[in-house]
Amino acid sequence: MEPFKFGCIVGDEHYCVRPQIEKEMKRHISGGQNLVIQGERRRGKSSLVVKCVRSIRGMGLLYVDLLGITSASDFCRRVADGIVVLDRSRSFLQKTAALLSSLRPLVVIDRDTGLPAISIDARSASDPSSVLTVMNMIAAHTKERRICVVFDEFQDILDIPDSKRVLSELRSKIQFLADTSFVFLGSVRNRMSEIFAHPRSPFFKSALEMSIGEMYDDSFVEFLVGRFKGARRSVDAEFVQKIIRDLDGVPGDVQELCDALWSVTQNGEHIDVAKLDAAYRYIFAHEGSSYETYIRLLTLHQRKVLGALAAVGGAHVSSNDFLDAAGSHNASSVKKALARLADAGHVYHFKGEWKFASPFFCEWMRRRV
Ligand SMILES: Nc1ncnc2c1ncn2[C@@H]1O[C@H](COP(=O)(O)OP(=O)(O)O)[C@@H](O)[C@H]1O
Ligand SMILES: [Mg+2]
C-alpha cells in the first residue's frame, strides 16, 4: 500500500493528528456553533473537519461538496447524495424521500456502488425554493439525531444563477437551527469574504471564523518519518523538517513530495537531500504537461511576471529587482498581470506577499527561466 496520499481527504493511517485544533473544533461543533474556515487548497481543511465530526460520539456527518456546483437543483442533488451516507436504512431513506416529496424523489440503487441512494427530479428542484425543501428535510432529521452539516468549497455557490436567493434561503433556515453546527469550508479567500464579511450578504457574521494554520509541528515530522519507515525507507528528522519548511508547512504538498521521494527510491534506501532532484523530476514528469498548458494560455507579459515570481519571490513586486526580472518598467502593469494570474488560480496574495498556488509549478518555472 502507498505510504503517502495527497489530493484527497485523508483519514486513518494517512492522517496525522492535530490535537489542539481538533479539540477546539470539536468543542465548537458539539456546541452547535457555526464555523467558517477559509484557506488555500491542500491545507487539510476538509480532512480536519471530517475527522473531527466523525470522532464526536453520536454525531452524524452530512458532508456536501459544492465544488463546481451549477444550479439550485444540483445543490439539492448533492445534499441528497450526502444524506444517504448518513444512514442507508430503508426507514431513514423512506422518511427522507417523504420529506422531499415536492422534488419527486426516488429511492434507487446506485449503479456504481450498488448501494441505495435518493435521486431527485432535476426539473422539480430547479427553483431556488427547492433549497428550502432540502433544508427543511435536514431540520426534520436534526430533531431525532445530532448532525453536523459541512458545506465544502462553499464559495462556488456564488457561481450559480439565483445565488443570492439561494444564499438567503439557506441562511434563513440555518438561523433557526441553533443546536446544529454548520461548517463552511472555502478555498478562494476573496469569494468567501464576499459571503461572510460583506455587510449586505445574508451570511454576514453568521459563523465563527477559525484558521487552521500550517503543519510545522514535531508530530507531523514524526508521522512522516514513521510513514517512510513503514515503507522501508529511512530518513532523518532534520531532512523531513527541511521539506516541511521548504513547502511552507502545507500538508498536501509535503505528502506529494514524500510520495515522489518514496517512488524514486528502493527498499532499504536512506533518503536525503541528494534524492530531492529526482523527486522533483518525478513530479514534473507527471504534472509538467499541465504546467505547459497553463503557460500556453498566458500572455507573454503574464508569463514573464510568473517567471519573475518564481525567480525572485513575491514579497516586493514593485521593487526594481522584480521589475527587472519581469522585463517591465511598469509596476502597475505587473500588478495587473498578477491579478489575472490570481484569477486563473496560479498565484494568490496573502499577508502582503504574492505566492504560487503550487510550489512544484513554481520550481518548474524557476528551472525554465
Ligand atoms: N492531518 C493531516 N495529516 C497528514 N496529511 C494531511 C492532513 N491534512 C491534510 N493532509 C494532506 O493534505 C492533502 C489535502 O488535504 P485536504 O483535507 O483535502 O485539504 P483542503 O481541504 O485544505 O484542500 C491530503 O490529501 C493530505 O495529503
Ligand atoms: Mg477541501
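In this predicted model, the axes of helix 10 (251–263) and helix 11 (residues 276–296) come within 8 Å and cross at roughly 105 degrees. Helices (H or I, at least four residues) are DSSP runs, numbered from the N terminus. Axes are lines fitted to C-alpha atoms, for helices over the stretch in contact, and angles run from 0 to 180 degrees between N-to-C directions. Helix 10 and helix 11 are therefore roughly perpendicular to each other (65 to 115 degrees). On the side of helix 10, E256, L257, D259, A260, L261 and S263 meet L276, A279, Y280, Y282, I283 and E287 of helix 11, contact meaning heavy atoms within 4.5 Å. Eight nonpolar, one polar and three charged residues form this contact. Ala, Val, Leu, Ile, Met, Phe, Trp, Tyr, Cys and Pro count as nonpolar, Asp, Glu, Lys and Arg as charged, and the others, Gly among them, as polar.

A crossing at roughly 100 degrees, with axes within 8 Å, is found for helix 12 (residues 300–312) and helix 15 (residues 359–368). Helix 12 is therefore roughly perpendicular to helix 15. R303, L306, G307 and A310 of helix 12 touch F361, C362, M365 and R366 of helix 15. Five of the residues in this contact are nonpolar, one is polar and two are charged.

Ligand 1 is surrounded by 22 residues, of which K5, C8, K45, S46 and S47 are the closest; a residue counts as near if one of its heavy atoms lies within 4 Å. This shell comprises eight nonpolar, seven polar and seven charged residues. A polar side-chain atom of S47 lies 2.6 Å from a ligand 1 oxygen, while polar backbone atoms of R42 and G44 lie 2.8 Å and 2.9 Å, respectively, from an oxygen atom of ligand 1. Of the 560 Å² of accessible area that ligand 1 has on its own, the protein covers 95%, by the Shrake-Rupley method with a 1.4 Å probe. Helix 2 (45–54) and helix 10 are the elements that give two or more residues to the shell.

Residues are numbered from 1 along each chain as its sequence is written, and chains are lettered from A and ligands numbered from 1 in the order in which they are written. In this predicted model, local features need pLDDT of at least 70 and side-chain atom pairs count only at pLDDT 80 or more, whereas totals for chains, interfaces and linings use all residues; side-chain values use heavy atoms, with hydrogens and water left out.

Notes: Parallel < 35°, antiparallel > 145°, perpendicular 65-115°, else oblique. Polar contact = N/O pair within 3.5 Å; in protein donor to acceptor, adjacent residues only side chain to side chain.
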